[in-house]
Amino acid sequence: MRKLFVSLLLAAAATSAQAATQLTVITHDSFSLDKKLVAAFEKANNVRVRFIKGGDTGEMLNKLILSRKAPLADVVYGIDNTLQSRAFAADLLEPYPTKALAAVPARLRMDPGNRLHTVDFGYVALNYDRAEVEKRGLKLPGSLEDFTRPEYRGLLVVPSAATSSPGQAFMLATFKHFGEAKALQFWADLRKNGLKVTRGWSDAYYTEFSKAGGSRPFVVSYATSPAAEVFYSEKKLTQSPTANLFLPGSTFLQLEGVGVLKGAKQPALARKFVDFMLSREVQSSFPTELWVYPAREGVKLDPVFRYAQRPPAVAQYTPEEIAANAQRWTDLWVKVVVRGMDPAQL
């Protein structure tokens, strides 16, 4: 009886120790990673990885800021260069000077302070549904301003600049192109012309976009989305059903990063996970998991990426410019686009 009791105590202790060794990773809703790679990390480090989907990037960041005194996770993935200044201002991240960053070119690195490490990059861009555009007999817009004309009324959907990182990236691209005053008037004109705004990218692309059964043939997405359409098609395609529309002022270089959260319960394992995300194996899986480009140099892309295009020009800001302007511009954007205020009165 005593032996049985001791055995039960040991088993309970082992179970407790096993449960304690858990690494929690919070990501945006679009995150996906090969389960075999995750299993290999777990086995190599004797840990169980728990993923939390935090909503779209802006929503996830808001949750992290509100919970910073009692962190929701050990690691965060998905904070991008449009939102990193907010994360830094809230002091959410623990610096980690990983050696794995040596494989990432300097032009793609997000933070000299080593709080966020670039894992991938992509190009936020306008996409259109080829079949729907042809069905409607539409001429493709030649400029952003064309979307304010009557023939394009109610045809464009964008993710919110207040809650979505691609939405904010597209907004920032328009401010770079037009300047603040003209950009706000452009957005006011879009609103008057039936612009649809969704909370996040998924709602825009998979609900409102006509390719997914919605009513709008133009959507803010990514330059790699046409390649994803070919990859996931049940039929063999020689042309993507969607295409990019690289209008001046409509594209933005987005960098996404991974970092260790301050107050992490498992800081050592969190640092190992950062290294894992920058490993060649994980970087090689990203293109057809997340439809982004790997930050690490020398990673071979799947042939389907020939259906993806890189825009001839992209909007870029310094981290200082984003820190100084992004939140103020987002607040103005909300007043104009969500509340319908007159830009001239702001």
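Here are legends for several close-up views of a predicted model.

Residue numbers start at 1 in each chain and follow the sequence as written. Because the model is predicted, local features need pLDDT of at least 70 and side-chain atom pairs count only at pLDDT 80 or more, while totals for chains, interfaces and linings use all residues; side-chain values use heavy atoms, with hydrogens and water left out.

**View 1. The whole protein chain, to get your bearings.**
You'll find 13 helices and 11 strands here (DSSP runs numbered from the N terminus: H or I over at least four residues for helices, E over at least two for strands). The radius of gyration is 22 Å, close to the 20 Å that the globule rule gives for 346 residues, so the protein chain is as compact as a globular protein of that length. That radius is taken over C-alpha atoms, and the rule is 2.2 Å times the number of residues to the power 0.38. Along the principal axes, the C-alpha atoms fill a box of roughly 85 × 50 × 40 Å. Buried residues account for 54% of the 346; buried means under 20% relative accessible area, exposed over 50%, and partly exposed in between, with a 1.4 Å probe and protein chains only. Take the contacts (heavy atoms within 4.5 Å) between residues at least 6 apart in sequence: 75% of them join residues at least 24 apart.

**View 2. Side-chain charges across the protein chain.**
Count 44 positive and 33 negative side chains, with the centres of the two sets 5 Å apart. Lys and Arg are the positive ones, Asp and Glu the negative ones, and His and the chain ends are not counted. Each charge is placed at NZ of Lys, CZ of Arg, CG of Asp or CD of Glu.

**View 3. Aromatic rings, with Y128 and F218 in the middle of the picture.**
The whole structure holds 31 aromatic pairs. Rings of Phe, Tyr and Trp (its six-membered ring) pair if their centres lie within 6.5 Å; planes under 30 degrees apart are stacked, over 60 edge-to-face, and the rest tilted. For Y128 and F218, the ring centres are 6.4 Å apart and the planes sit at 40 degrees, so this pair is tilted. Y128 belongs to strand β5 (residues 117-129) and F218 to strand β8 (residues 218-222), so the pair ties together parts that are 90 residues apart in sequence. Both residues are buried: Y128 has 11% relative accessibility, and F218 has 0%.

**View 4. Y205 and Y206, a pair of neighbouring tyrosines.**
These two rings have centres 5.3 Å apart and planes at 80 degrees, so the pair is edge-to-face. Y205 is buried, at a relative accessible area of 4%, whereas Y206 is exposed, at 53%.

**View 5. A cluster of rings.**
Here ring pairs link F31, F41, F51, Y77, F273, F276 and F286 together.

T242 sits in strand β9 (residues 242-245) and is buried, with 0% relative accessibility.

**View 6. F231 and W291.**
F231 is part of helix α9 (residues 225-232) and is partly exposed, at 37% relative accessibility. Not counting residues up to four places away in sequence, F231 touches T288, W291, D302 and V304. One of those, W291, lies in the loop between α12 (287-290) and β11 (293-294). W291 is buried at 10% relative accessibility, and its phi is near 60 degrees, a positive value in a residue other than glycine.

**View 7. N114, in a loop.**
Look for N114 between β4 (93-94) and β5. Its phi is near 65 degrees, again positive in a residue other than glycine.

**View 8. D331 and A162.**
D331 is in helix α13 (residues 319-338) and is partly exposed, with a relative accessible area of 39%. Although D331 and A162 are 169 residues apart in sequence, they are 7.8 Å apart in space, C-alpha to C-alpha.

G179 occupies the loop between α6 (165-178) and α7 (180-192) and is partly exposed, at 26% relative accessible area.
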